[in-house]
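Please view the sequence and the structure together.

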Amino acid sequence: MADAASTGLSGKSGKVVIRNIGLLLSGDIDKPILDADTIVVHDGVIVAVGKEAELDTDEPDLLIDARKTCVAPGLIDSHVHPVFGDWTPRQNQLGWIESTMNGGVTTMISAGEVHLPGRPKDIVGLKALAITAQRAFDNFRPGGVKVLAGAPVIEKGMVESDFKELAEAGVGLLGEIGLGSVKGGTEAATMVKWARKHGIQSTIHTGGPSIPGSGLIDKDVVLEADADIIGHINGGHTSLSEQHVCELCEKSSRAIEIVHNGNEKVAIAAAQAALQLKCPHRVILGTDGPAGSGVQPLGILRMIALLSSLGNIPAELVFCFATGNTAKIRNLNCGLIEAGRAADFVFMDRAQHTSGATLLESVQMGDIPGVGMVMIDGIVRCGRSRNTPPATEIPVVVGAH
Ligand SMILES: [Zn+2]
């Protein structure tokens, strides 16, 4: 039998107390900063958040002194293309998921296992792959990261019973619509409705072809298909015009997914459009990695710094794009600091020698923060990140038994 450490699955964390938090980001865009300095966790779940004097912090199995650093919900990458294990054939890299955990990401969501060499495109084959990928990542978490995979790329000829069968087998996501043979709005809309009826969430590719062999999905197809997530609204890589992207934000009420792999100018325009339309809760972030642009362990942190600095959006709001917004839209039990949620946290501080005086100020100036620790399900998965610039201060484990 594989043990918890080798599979990355959660063991029992017991009672964990995190005290002396300097800044607690909630993940909730309606109230992004909490007036609290302590979190109490039991067996991987947050049980209390508040002031230390008001909470039961006695006899923890693990006591962490945050040393006045910032604690935020673990970051969620809404758009990745995993295959199996911690390997990507796209750039032939090993360890990319564990490396991304060092960038503060604790949950990843597959937009399709499209890089699998020899990926089956017949209907029985694509269903089998989706079910296998869902099972494989449910049983194995590289670096502890929760990879929600098993996202079939829909093809012509699928019927409603295929979606029912997938849902009953535990598949909860569709791969990006448009990467398979279904590229027309009407046909996609029919399948999106079948998926939704059976509880499967859908994402559509938006913009120009990603690689030779794939195709364009324009704004009219996105609107007609009406998928739950407007996948990489800023393109992956090539974006629709800024005007069409803003039109999508306005005419659709679906999630606005902005990715690292897309057009950065349009990324900023889309986020600003969402704020102007008073729907900042619709914005979610992804990398779209691994891809032609490579593996991006710091991709989500870089998106946060980009949108906050050049997009002129307060950093505490942008962190919500990558945490609570995604959790709410995708019905995940993480992404928010509140009792009952998974104890998935990233501890950060301003990077050494940034010109920003505080963590939030440094991000608003365009610098990425230093990660000092990552916790998933109440278990410490890494200390000082090997990938971010060094954090000025890092949390310490002061007691464990
Ligand atoms: Zn795509």
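The sections below treat a metal site, a helix pair and a strand pair.

The model is predicted, so local features need pLDDT of at least 70 and side-chain atom pairs count only at pLDDT 80 or more, while totals for chains, interfaces and linings use all residues. Residues are numbered from 1 along each chain as its sequence is written, and side-chain values use heavy atoms, with hydrogens and water left out.

The zinc ion has the protein donors Glu176, His205 and His232, at 1.7 to 2.3 Å; donors are N, O and S atoms within 2.8 Å of the metal (3.2 Å for Na, K and Ca), and because water is not among the atoms, sites may look incomplete.

| Donor residue | Donor atom |
|---|---|
| Glu176 | OE |
| His205 | ND1 |
| His232 | NE2 |

Their spacing in sequence is E-x28-H-x26-H. Glu176 lies in the loop between α4 (160-168) and α5 (185-197), and His205 in the loop between β13 (203-204) and α6 (219-225), so this pair ties together parts 29 residues apart in sequence. Helices (H or I, at least four residues) and strands (E, at least two) are DSSP runs, numbered from the N terminus.

In α7 (residues 242-251), Glu242, Val245, Cys246 and Cys249 meet Lys265, Val266, Ala269, Ala270 and Ala273 in α8, contact meaning heavy atoms within 4.5 Å.

Strands β4 (residues 38-42) and β5 (residues 45-50) pair in the antiparallel sense over five bridges; pairing requires at least two bridges found by DSSP. Val40 stands opposite Ala48 in β5. The two strands form a hairpin with two residues between them, and Asp43 in the turn has a positive phi of about 45 degrees.
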